[in-house]
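The following questions and answers concern how residues in one structure are classified. Please consult the sequence and the structure alongside the text.

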Amino acid sequence: MVKDYVPRIHFYDQDFVDMYDRTWVWIDEHWKTADDNPNFEEGFFTQGYGKELRLFDAMLSSLFLSYSNQTYSPYSLVDFFYARQKEDGSIAAGYDIETLEPVVSEGNPLGASLPLFPYVEFVFYHKIGNKKRLKDVVPYMEKYFDWLRANFQQPNGLFRVPYEATEMLGLEREGAVYTIDYNAMVAMAALYMSYIGDILNDKELAFRYKRIYFALKTRINSMMWSPEDKFYYDLDENENIIRNKHIGCYWTLLAVIPNDEYASFLIDQLKDDKEFGTDNPFPTVPVSSKYYNENGDGYRCGVVPFATYMVVKGLQNYNSFIFARECAIRHLYFILDTLHPGEEVMGDCWEIYKPMSEGAAPVLSGGKENRKRCLPQLGLISITLAIEDIIGLDISLPRKTVYWTMQSLEAMGIEKLSLKKNNITILSNKNQRGWEIRLESEKLYYFTIQILDEDKKKTLPIPSGKCSMLIDKL
């Protein structure tokens, strides 16, 4: 069975574990080998949506395939797009898997998509530890970034892209020309390119992208921030703020654009039940918006897992781990309630959910369809956030570090997670001696545990073999 090859998670709510296991089973059902298509030497994930492979879906999928102990290659999907890059640096937003021809729409003729390559490659590096790969893919990422700048950056320094490029079709934009979400994503791409330059000890690369990042960050803060509303907005043709709140503003947290004061204002609105603080966090528009509908209405005001993932990760940049974890747990419960709406009734998983009750958000006003069993979105929550935020593990293979942040002592952990050729197990349980962390490893690594409610933190070298630590002794 597939769960014999991927890491096993432990959590006090077995439903979460079952959802994690079920997601891997569904992935396995959709996984194809090179025999099915020779353009994917390490296999590929069709996602079950016909012949088109979308860059957006491939990027999201790679973020959880990196946890498969390389049972399913996270590289294969991304490398397919690198291999299709044209001389001018462009990579289309989608390709026909059979003909390998770009799939281009009238609304997005150049095929722009989210600039997530640097972020995804940074994740690959820390989860899988292949430094040579980073060096090999930098030329692809630089050419793509240069292509975006050449075709979409305007004289004012901001980026103007078709709405389709934001992957949020159906969201009301009110004539926006400069969208806050896409500009924040470009800034984030530059930020992670600078991080990659630091990893490669390429000072010129790091400096060049830091300069691009800070220039764009400055423009976003000076042009797109409203001091009155304490919020980032889209701009119109004349660079005037369009006071139409939407979840895209929160890409700024992941891109570390707001200062601590600005971030506190944004986070307050995530907690406010009259804004984005709905039972199922977070709708694409706030409750105060004229476009809000408690049934969701697709991307117009539904809850989209990749947006929730983005907010949760952004919150961690501003020391809001407990709130971020709470939101991840709440969202996963809504996914579970939609999958199991009642006894002896089988539901399913979707791309877009209702903000105030379980169930799929119907698409009433046009825009993207609500895809059933949308695994690229589901895996971000049931695998990635389950490991990194609900259980709380931050793993870096190159640093040989595992950082475990726990809100409070709970029975949970991970078993047989592969760190290259080193399988590790980390489990917390309560026994007669009190709370105990059991660890097993084939090689030395450094383990940090932080228990927020008890204000405890300790870093220890974990030798090969089995060992344990008592929390009371920390």
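Q: Where does K443 lie?
A: K443 lies in the loop that runs between strand 14 (434-441) and strand 15 (445-451). Strands are DSSP runs of E with at least two residues, helices are runs of H or I with at least four, and both are numbered from the N terminus. The model is predicted: local features need pLDDT of at least 70, side-chain atom pairs count only at pLDDT 80 or more, and totals for chains, interfaces and linings use all residues. Residues are numbered from 1 along each chain as its sequence is written, and side-chain values use heavy atoms, with hydrogens and water left out.

Q: Why is K443 called partly exposed?
A: Buried means under 20% relative accessible area, exposed means over 50%, and partly exposed is in between (1.4 Å probe, protein chains only). K443 has 44% relative accessibility and therefore counts as partly exposed.

Q: Why does E358 count as partly exposed?
A: The relative accessibility of E358 is 38%, so E358 counts as partly exposed. Its place is in the loop between helix 11 (321-339) and helix 12 (375-391).

Q: Why is Y178 called buried?
A: Y178 counts as buried because its relative accessibility is 6%. Y178 is found in the loop between helix 5 (131-152) and helix 6 (180-199).

Q: How far apart are Y178 and F231 in sequence and in space?
A: Y178 and F231 are 53 residues apart in sequence and 15 Å apart in space, C-alpha to C-alpha.
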